[in-house]
Amino acid sequence: MTETRTGRTLSVTDLSLVVLIGASGSGKSTFARRHFKPTEVISSDFCRGLVSDDENDQSATRDAFDVLHYIAGKRLAAGRRTVVDATSVQSDARRQLVELARQYDVLPTAIVLDVPEEVCAERNAARSDRADMPRRVIQRHTRELRRSLRHLEREGFRKVHILRGVEEIEGASVLTEKRFNDLAHLTGPFDIIGDIHGCASELESLLGKLGYVDGVHPDGRTAVFVGDLVDRGPDSPGVLRRVMSMAGSGNALCVPGNHENKYGRHLKGRRVQHTHGLAETIEQMAGETEEFRTQVREFIDGLVSHYVLDGGRLVVCHAGLPEKYHGRTSGRVRSHALYGDTTGETDEFGLPVRYPWAEEYRGRAAVVYGHTPVPEATWLNNTICLDTGAVFGGKLTALRWPERELVDVPAERVWYEPVKPLRTEAPGGHDGRPLDLADVHGRRVVETRHQGRIAVREENAAAALEVMSRFAVDPRLLPYLPPTMAPTATSHIDGYLEHPAEAFGQYREDGVERVVCEEKHMGSRAVALVCRDAEAARKRFGDGGTSRSSAAESGGGPTGSLYTRTGRPFFDDASVTEEILDRLRTAVGAAGLWDELETDWLLLDAELMPWSLKASGLLRSQYAAVGAASGAVFPGALAALEGAAARGVEVTELLARQRERAADAAAFTESYRRYCWTTDGLAGVRLAPFQILAVQGRSLAGLPHDEQLTLLDRLVEHDGTGLLQTTRRLYVDTGDPESVRAGVDWWLEMTGRGGEGMVVKPVGAVVRSEGGRLVQPGIKCRGREYLRIIYGPEYTRPENLARLRSRFLNHKRSLAVREYALGLEALDRLAEGEPLWRVHEAVFGVLALESEPVDPRL
Amino acid sequence: MFLTISTTGTPERPATDLGFLLHKHPGNAQAFSTSHGTAHVLYPEADAERCTAALLLEVDAVALARRGKGKGRGGAPDATLAQYVNDRPYAASSLLAVALSSVFSSAMKGTCTARPELPGQPRPLRIEVPVLPARGGPELVRRLFEPLGWTVTVEPVALDAEFPEWGDSRYVRLVLESSGRTLAEALRHLYVLLPVLDDAKHYWVSSDEVDKLLRAGEGWLPAHPEQKLITSRYLSRRWSLTRQAIERLELVRLAEADDTAVEEIDNAVEEIDNAVEAETETKERPAPLAVQRRDAVIAALGTSGAARVLDLGCGQGQLVQALLKDPRFTEIVGVDVSMRALTIASRRLKLDRMGERQASRVKLFQGSLAYTDNRLKGYDAAVLCEVIEHLDLPRLPALEYAVFGSARPRTVLVTTPNVEYNVRWESLPAGHVRHGDHRFEWTREEFGTWACAVAERYGYDVEFVPVGPDDPEVGPPTQMAVFSMRTVKEATAA
């Protein structure tokens, strides 16, 4: 409270709940009007009027205050200062307002207008609406006010201004102050540094690496420390000295960690347990001067729980902070900033379980924090934890802002044995937390970049859970599942159910000019994750698929994975998978793609042949069975008909029809046989890659298909083993009838020779129509003979075709786009280094959608 | 689909009497509309010495598939029926049996108004079914027809001559010959036994099917040595399949997406209507061992003093059922990844009819040990009875973390087969695992090493208990590890 000649200046924080206290007639409304914006002020009289049409109707008081509290709550939630203009002379009325301030984590401020009773009475008498207010009311107000004055701070008001007498009230002015945590005007650039825990030497190395010279950055950058400077490590005083000197000279900001907080209480003489490394700090500080210890105490005492920086784009605190606490000021906010949101449970190491607030964070500001040691600093929902366990032998990490670059130095040694290993072996433990059932189970909505929110129904998730849990490869090695693909619109050309003319037409309508027709290989869809070596696989994807013993035996662990469209490994024998990956890896190396794509892993979409390799069960139980049954039944039936005909029985038509059916059945057998051949080990196995989905740090799903195919051609060329097979293609201009005709001819020629068909894709890969929706990423046109395998041997008979043409494609098309968007999402999340559960969530969504009811022949 | 019925004759008893018996004139080809297509009857040969009637059923495969696609009533009992690629148009199944009974209904009843004496007379008969689906193989075909006085010729049909390594198909070519049976008897045998051999998920068996079976089986079925199998197969697939179809649809689609049969991915539970198979099952899992295992688990739970128990991988709920009978267990939670298993378990426990107090003790829900799960926290004990061997080894660490690291019950019981004991199962071929879905089976040493490592990592003590006869050389058939949590470390803030 400063006093000037002209009058007192009252400091009022920019986000606070200001409670004016004074008897009726003390001049609160006039004061409020003079010092605050009209919209900031809510008066009880006004609220009475709102609910009762009479500002003085005392019977409406309860409802009026409900409205007042409601409005005040809404304003505070939105971060707006609010001034309550009511008498507030009773402690009970104030208590409700203090609670309201706490609920919204803002400072409650009291301004008392203490005016002599006579003045109040005089003023009321001058107002027609209050002229008949009994004198005793004002007397009671004044009495209650006087009684309250001493208790205001204890009631919870963090600032109390008492103005006595008319003159002081008239002369007072209000000064709006910023909150301590609001440093939004500072734009850095910043270097935010994670938990140091007394690792002074690592800190010096990191500052050096960041470009600081004796605590000063030549480019004027500011260091920001996320707290936990002390405890456990070898030289907490050294760290404090450095940080305090940088902070003192304006080269650094620092927020408190729970360890400083506890040490600070120790320094103030409170009793605290000397556990979790505090004993080491106390011992190290014993060698320092009393003066230094005093400086440390004052430094810790002055730390602000969190900072809002860079125009509100950045929030730094120790243990993370949900958006509703940003820039707020309350004990709860401070506690959350220091300790995080603990659930009260403890985990297997006796450590508190923390509520995963970051998983639900959707705020605008990036939140940079520390507190919980993680193996790698990774972004999650615009939050990042920089505690990479330096004191536990991990590393000390800094984030450059606004560049968002990570800079780290390894720990010189394990300074302190962690109670809990930095990473668990469970999937996801590598980069955050293991996969949790809640990530995938039940009805879910997955947010995607390309298609907004995509819903997964409960029963579909349940089916996917079964397959994912029992048959899929380790989720770490399953970063993607391919989407289903819609067939072309049904053709009405005689004898055809599918024909490319429709596919070209559809893309033309979607505004896609250039498409590529890719030969459809006669195999099974396969996704291959191939890493440069086992070490690269482990580094990027964790210890996926490695049981401890088998990793030890093979001396490396898996170098990737090769799986089907539902995530099952192609080969039961891991060594066969490894051999395929090895051949792929050799080809990638020979083609120079590791360097060119700046990666040490590739994710490939491909077709694995022969079909009989994976589908042999189905082939035998269904396709070959039908072939066998039809092959065995017709000779006898035809002979019987011929015998009857020879006896003069009229069976001409029946006999002719059975001959046609026999021919259809034979054609069917021929069809499936084309997709079967005998393999021995890898001899006879072929892999045709048609898209590079992702490499380190990048999704390549948007790379145009012509560039994709050029890269893949080089890959195939450099394979000396005969495993890799090229994908034949033809580019078609959908607007050019000549080009379209060439495309149709190409398909006719290919399918005429028994080919499965082709897939038509926009050359631009990820393409949107004029209306902004995703166009189909591909449309399949299956060959006439191939479709016998799908629609039965006799589907080409005119009466059958006529019925089969009524097929409904809309659901399939919608499903294809939704699955595609989820697949793209998985790749984007993978590229951005998001934690496994985020990638898995999208991958799981694809599998779940695959169990939606849709005509399986489409 | 197709079959022929032939007879031989003499000038006194001409073979062409067959025409009278069948009520179909040998000089014409006749067509009859049946519910699944057109049946044609024609005679490739017809004279006094030899007469052959052929029944050809043209099934409309597209209509069959489209009908099968629907939901609810009238829908297919099994998704595979909705396949356009279907053996039904070619193989002799219940469709053919139905056609037989409708086209030759008088002959089957043994009535012949024109020549009333004929039906009662046995005559030489030869019946040929070129493509007969025969689940159980040629052996079962013989066991079914030979006791009825038929001379049986049965030849397997190869799956595909171009791929001899694929072996035989499930079809056989069947020839039945006898001179001591009447035509009516022959038709009734076929009417019942064709669907029994096919054993297919075919079309809904209507509710009066029991009467039909009794009528067609009159005079021969009660005395048939395979009566039980015949009855069971003929009638079994009525309601269980309805439910199965509904529960499995999502899974069926995932199987289709991957070109696999649903059986391949839905093998978490055994067939529920396997009354027949139970008899022929190998002795790999004699009932007593399963009971001994449950007893051992309950005994160990009792020792641990657990009241709130998780049965992780509860399957069809046998253990949950046993635990419910013991009042020491106040809360029993069965968790399985298979929704079908849970449905069966729920039916077994009669959850919907259970009293409120009893029902409040038990919960069943879907879960997966490949993920951590907050719902599993805070229990006294968890049982993993014959569960771990159903996981691929590389995915075992996820289960370890989910159970020992995240759920953290005080006591964990793990049972798994002891592979050393497999040599004692006479019926189990050397080197084979005990169940098709076992991804591994461990020796006592392997299990011990694993269990000790897990205990060490997660702060448990472990003891081993043999289950079943403890063979001095190869040990017990089942091995059990009992994990107990060491005293909890002081829980304070980091």
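User: In which loop is A:Pro189 found?

Analyst: In this predicted model, the peptide bond from A:Gly188 to A:Pro189 is cis, with omega near -5°. Most peptide bonds are trans. As for its place, A:Pro189 sits in the loop between strand 9 (182-183) and strand 10 (190-193) of chain A.

User: What is the omega of the peptide bond from A:Met609 to A:Pro610?

Analyst: A:Pro610 belongs to the loop between strand 28 (601-609) and helix 21 of chain A. The bond that joins A:Met609 to A:Pro610 is cis. Its omega is near 0°.

User: Is A:Asp214 buried or exposed?

Analyst: A:Asp214 lies in the loop between helix 8 (200-210) and strand 11 (222-225) of chain A. Its phi is near 50°, a positive value in a residue other than glycine. A:Asp214 has 11 C-beta neighbours inside 10 Å, so it counts as exposed.

User: How does B:His23 count, with 17 C-beta neighbours inside 10 Å?

Analyst: B:His23 is in the loop between helix 1 (17-22) and strand 2 (30-34) of chain B, and has a positive phi of about 60° although it is not a glycine. Buried residues need 20 or more neighbours, and exposed ones have 12 or fewer. With 17, B:His23 counts as partly exposed.

User: What distance should the 16 residues of helix 6 of chain B span?

Analyst: Helix 6 of chain B covers residues 183-198. The expected span is 1.5 Å times one less than the number of residues.

User: Which residue follows helix 16 of chain B with a positive phi?

Analyst: Helix 16 (residues 396-407) of chain B has 12 residues and reaches 15 Å from its first C-alpha to its last, close to the 16 Å expected. Most residues other than glycine have a negative phi. The residue that follows helix 16 of chain B has a positive phi, near 50°, and is B:Arg408.

User: What covers the buried residues of helix 16 of chain B?

Analyst: 12 of the 12 residues of this helix are buried, so it is largely enclosed by the rest of the structure. Among them are B:Leu399, B:Glu400, B:Tyr401 and B:Phe404. The cover includes strand 8 (308-312), strand 11 (381-385), strand 12 (411-417), helix 17 (444-458) and strand 13 (460-467) of chain B.

User: Which residues have the most contacts inside the largest nonpolar core?

Analyst: Nonpolar side chains tend to be buried together in soluble globular proteins. Here the largest nonpolar core has 276 residues, and helix 21 (residues 611-646) of chain A gives the most to this core, with 18 residues. Another core, of 62 residues, lies apart from it and has A:Val224 and A:Tyr416 among its members. In the largest core, the residues with the most contacts are B:Leu55 and B:Val383.

User: Which helix gives the most to the side of chain B that touches chain A?

Analyst: 80 residues of chain B are in contact with 83 residues of chain A. The chain B side divides into 46 nonpolar, 16 polar and 18 charged residues. With 7 residues, the element that gives the most to this side is helix 9 (residues 239-257) of chain B.

User: How far apart are the centres of domain 4 and domain 5 of chain A?

Analyst: The domain assignment gives domain 4 as 491-521 + 727-805 and domain 5 as 523-607 + 686-725 in chain A. Their contact takes 10 residues from domain 4 of chain A and 11 residues from domain 5 of chain A. Taken over C-alpha atoms, the centres of the two domains are separated by 29 Å.

User: Over which residues of chain A does pLDDT stay under 50?

Analyst: Chain A averages a pLDDT of 90, and 95% of the residues score at least 70. One stretch stays under 50, and the model has 16 contacts for it beyond four places in sequence. That stretch is residues 545-555 of chain A.

Definitions and conventions: Residues numbered from 1 in each chain as written. Chains lettered and ligands numbered in written order. Helix = DSSP H or I, 4+ residues; strand = E, 2+ residues; numbered from the N terminus. pLDDT = per-residue confidence, 0-100. Contact = placed C-beta atoms within 7 Å. Domains from an automatic or database assignment. Core = buried A, V, L, I, M, F, W, Y, C linked by C-beta atoms within 7 Å. Nonpolar A, V, L, I, M, F, W, Y, C, P; charged D, E, K, R; others polar.
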